[in-house]
Each structure stands twice: as C-alpha cells, then as structure tokens.
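Please keep the sequence and the model at hand while going through the numbered points.

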Amino acid sequence: MRGTATSRDARRRGRAEKSIFGVPERFEKPRLLLYLATFMLVAYGLLMIYSSSSIVALTGADTDHNPAYYLIRQLMFIGIGLAVAVVIACVDYHFWANKFIIPIWLFTVFLLGLVIFSSSGTDAYGATRWIQIGAFSLQPSEFAKVTIVLVTASLCGRYFETGELEQGRFVGLMAAAIVIPLGLFLLQPDKGSTMICGLTLLVMFYFCGVPGEAVGAVTFGLAVIFFGYSMRDAYSRQRFLTFLNPWADRYGNGYQLVQGFYAFGSGGIFGVGIGASRQKYSYLPMAYNDFIFSIVGEECGLVGTLAVLALFALLFWSAIQIARNAPDLTGRLIAAGSASLLIIQLFVNICGVLGIMPMTGKPVPFMSYGGSSIISCLMLVGLIASVSRASHLEETESDRRRRDLSVHRGSAYDGGGYGSESGQVGEPVPRSARAYGRTASAYGDDAAPSNILPFNRGGQRSSAQGTSALRQSPRPEGRVTTDRNGRQRIHLEEDAADRLRGARSSSHQTSYRAPGYRSRNGRDENRDR
C-alpha cells in the first residue's frame, strides 16, 4: 500500500500543476477560499446582528429608534476594517513583523496603559477595557492580539530559523514582548484575552517544532496558575459558580446563561426562522454581541450553528495551507497563529454560551457586534493574505539547472555571443550565423571548432582563414531574407531541393550561393542549378 501511495504521489507531482488566474493552484486556491469564508462569515454576521438587535434598537432612546442602528454602525466598522486589511495584505509581511514591529509594539503598550492609568476607560461588567473616543469606544486588547502574533512570529523566526538571536537574548526579548502586554491584560482585568493569547502562543510554539509533550505540560501548568489567579476576584468566582449551576440563581447571576439555553432549545434542528427569535425581545441581554451564537441557534437551529463551524473550519484550513506554502518560518507562524487565534476565540465564546466553561465576554469573530472586534479580525485576515501573496514556487532541480544556463542577450548579431551572462532569451538567430557572433578568444586562435569556420568560395570550410574570419566576418548573406511583402525569413538549413537531391559530387560544385540568394534578374540560382 505504501509503495502504491508513493508512486501515486510521484505521478501527481509529475503532472503539470493547474493554475487559477495564472497563479499555481496551491497558492491561489487557499487564498480564494480564505476570502470566501471571510466574506460569508461577515455577511452572516451582518444578518444576525440586524435580526438580534432590531428590537433593542427600535425601543432604545440612544439609537433614535432606528431598527438598523447597530447594522449601520457595523457596516461602517467593516469598511474601516477592510481598508486596513487591504493595506496590510498589499505590504510584505516582513515589513510588519521585522522592520515596523517595534513601533507597533510600543503603540500597543501605550494604548493598554492608557486604559488602566487614565480616566478614559469605561467600567462595564466588572472590567475596564475601553477607551472612549467621541461617540466611539476602542478596545485596545483586541488589537494587542494582532501585535502579540506578529512579535512572537518575528522573534521565533529569528531564533529557530535564521539563528540571529542567541538563546539568552531570545528568552529576554520574548519575556519583555509578551509578558508586558499580558500583564496589562490582567490588570484591566481581561482574563478572556489573556487566555486566548496564551493558548495561541502555545500553538505557535508547537508549530516552531517544540515537542507536543512539553507544550502539553506547560499548558496544564499555566491552566492551574490561571485558575488560581482567577479565584482571587469576587466576580470571577461568581462566574465560576454560575457555570457550575446556572439554575441556582436563574433570575440573577445565571439569568443570561439560562436564557441562552432557552434560545438553543427553541431552535431545534432547523430553527424558528430568520427574524423570528423570541429571546431577542429583551429576554436575552447582549443578544447581538456575546450571545449572538445563541440567536443563531434559535433562528437557524443546529444546521445554522454547524454552518458557522464549517465556515470557520474552511477559514482555518485555508490559513494552514497558506502557512505550509509560506517562504519562511515567520510567515508560517503569522498565518497559523492568526487562524489559531480566531478559532480559539470562537470556541471560548461557544463553550461559554453552552455552559461548558465560565463566560469570558469574548465575542464571536466576524459575527458579533463591535468595532474593535471586527477590525482586528479583518487585520488578521489581511496578515494571512500578505503571507499568501509573498509565497512563491519552490526551486526545483530543473530551475537550478536552467538558472545556470547562459543565453544570448539582445540582438542576434550584436557580437555578444553565447558566453555572455544573461538569463534572457534574445532575438531568433539563424543557426549558421550563430558561430559568427563568437570571438576567437572563446576558443583560442588555433582551437576554433571546424563546424563554425566560414565557407570559402567553393563551398568548402577553410581552416586557414578560420581565425581571421571569426574576428572580422559579418553575418552570412542570404540567411536572413526579405520577400516582396517585406516579411523577413530565416533559413536554417540548405535549400529543400538540395536536400531531396542529396549531396552533390565534387565535379558539379560551383561557387557557393546561400539558399535564397537571387541574381539581378530575380531568379534563384541555387534552384536553377
């Protein structure tokens, strides 16, 4: 079986690779699927945001009683996110991960510090995570996730692949670049973002080649430490107790989770229909944000929730394929880390609304309402696209041999010869005229091959005149001719009639006339003979 599979793979590699829009399939297909999955998730999210927020917006005074209030704002955020994502995708990812990473990191730390050490942060649900900018609020932790992926990919690429960093320097830089943002997360506190980034880092280290046993051991140790730290806060302990038994306080701390259960139970397999949710009538708090997956389950049923998971699976598969074709370790880590962050955040939210783990307040990527969330998610897609655009074909043995060939440059008769260093194909050259482009120094004065020596008047090659002819003779007349319509023709061999008649005896040899030579009366003398 193994031999059959090997031969099948060899035949598959031997075939000409398919292309899409002129790009090899293995590069273009994952990129197109990435765009398709992102578009469908964003479109699906817009539909569910409008459905789940229309009643709240219609009855709210701060929304001007406009049922499309949250939909319009989300469209504006998507426009901003797409613009940023296009800029990121069009610039080589090495610029973001290597040349510009220090300003990005410093600006991220500044924003995270501004949330904690200024009055611009707004307290909501036991945490201070937002910066108020006019009518908009900015959540720096969402953008810090992108920075953490970039800085980790940059440092790991410089240590594991290129060897630019020694072990001690690598550990020091990694500690400073990662511990400081995560520490600022915990001071907000934002334990959900801390957990998502921590798991993403472990996945990226696994892709670096760190053994799975070591990654598993570190994951278990960090989980124990994280749990112990979380139990220090009263509201974190309450969330944990609510997760264990939400029915104990179904009208208090467990109210939101219980209403989410009702939404899933009402949806069944096929759902109650788009727009027909009952829980969005002020029963389920934050139905268009943290608990939008519950509305998906109610209106679209089990089929709708599985469709969301399938789209995220398609996005993750596309990103992993892009990572496999990335030109270096930094690109692989950016693509794999960005996709892993999105998938981890998705499951953190789903496990929370299903009661599998305590709620963290993290939105569903691409689908939940929120400007910072959708912009940061599209930025991650832009990074993956940047890696895909920078991917190129691997150099094969044929490519290496072709690269070592020296091909004629420029005009057929520029005298450059075939020893000139050029990788470009020149103009068509008559085969008999190619020898005249060489200089005698290419072979030495006495070492010129006989097959490149010029003809004498009798049609015989003259070795005595070979060296001087190589230096001085112009191209042979008659090899390139022009007909009455102005079309140029190149005669590569002797006249066809001569080839049919065979070699002429020496007694019939006359003065040499190149094929195509015409006398003054316009007759082809070679043909007449």
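1. A residue is called buried when its relative accessible area is under 20%, exposed when it is over 50%, and partly exposed in between. Trp247, at 42% relative accessibility, therefore counts as partly exposed. The model under discussion is a predicted one.

2. Of its 529 residues, 43% are buried. The chain exposes about 28300 Å², and carbon and sulfur atoms supply 59% of that area. When contacts between residues at least 6 apart in sequence are considered, 63% of them join residues at least 24 apart.

3. The aromatic side chains deserve attention. A pair of aromatic rings is described by the distance of the centres and the angle of the planes. The model has 19 aromatic pairs. In one of them, the ring centres of Phe160 and Phe170 are 5.8 Å apart and the planes stand at 80°, so this pair is edge-to-face; the angle needed for that label is over 60 degrees. Phe160 belongs to helix 6 (residues 140-161) and Phe170 to helix 7 (residues 167-187), so the pair ties together parts that are ten residues apart in sequence. Phe160 is partly exposed, with a relative accessible area of 35%, whereas Phe170 is buried, at 8%.

4. What arrangement do the rings of Trp247 and Phe261 adopt? Their centres are 6.3 Å apart and their planes are at 35°, so the pair is tilted. Trp247 sits in the loop between helix 10 (234-244) and helix 11 (255-267), while Phe261 lies in helix 11, 14 residues apart from Trp247. Phe261 is partly exposed, at 23% relative accessibility. Elsewhere, Tyr69, Tyr70, Phe77, Tyr288 and Tyr369 form one aromatic cluster.

5. The charged side chains form a further topic. Side chains of opposite charge can pair when their charged atoms come close. The structure holds seven salt bridges. One of them joins Lys145 and Glu142, with the closest N and O atoms 3.4 Å apart. These two residues are three residues apart in helix 6, which means that about one helical turn separates them. Glu142 also forms a salt bridge with Lys362, where the closest N and O atoms are 3.8 Å apart. This second pair links distant parts of the chain, since Lys362 is in the loop between helix 13 (329-353) and helix 14 (371-390), 220 residues apart from Glu142. Lys145 and Glu142 are both buried, and Lys362 is buried as well. Together with Asp190, the residues Glu142, Lys145 and Lys362 are linked in a network of salt bridges.

6. Another salt bridge connects Glu164 and Arg158, at 3.5 Å from N to O.

7. Leu306 is located in helix 12 (residues 292-324) and is partly exposed, at 48% relative accessibility.

8. Finally, Ser277 lies in the loop between helix 11 and helix 12 and is buried, with a relative accessible area of 1%. Leaving aside residues up to four places away in sequence, Ser277 touches Val272, Ile295, Glu298 and Glu299. A polar atom of the Ser277 side chain lies 3.4 Å from the backbone nitrogen of Lys280.

Key:
Residues are numbered from 1 along each chain as its sequence is written. This is a predicted model: local features need pLDDT of at least 70, side-chain atom pairs count only at pLDDT 80 or more; totals for chains, interfaces and linings use all residues. Side-chain values use heavy atoms; hydrogens and water are left out. Rings of Phe, Tyr and Trp (its six-membered ring) pair if their centres lie within 6.5 Å; planes under 30 degrees apart count as stacked, over 60 as edge-to-face and the rest as tilted. Helices (H or I, at least four residues) and strands (E, at least two) are DSSP runs, numbered from the N terminus. Buried means under 20% relative accessible area, exposed over 50%, partly exposed in between (1.4 Å probe, protein chains only). Contact means heavy atoms within 4.5 Å. Accessible areas come from the Shrake-Rupley method with a 1.4 Å probe; for residues, only the protein chains shown count as cover. A polar contact is a pair of N or O atoms within 3.5 Å; within protein, one must be able to donate a hydrogen and the other to accept it, and residues adjacent in sequence count only if both atoms are side-chain atoms. A salt bridge is a side-chain nitrogen of Lys or Arg within 4 Å of a carboxyl oxygen of Asp or Glu.
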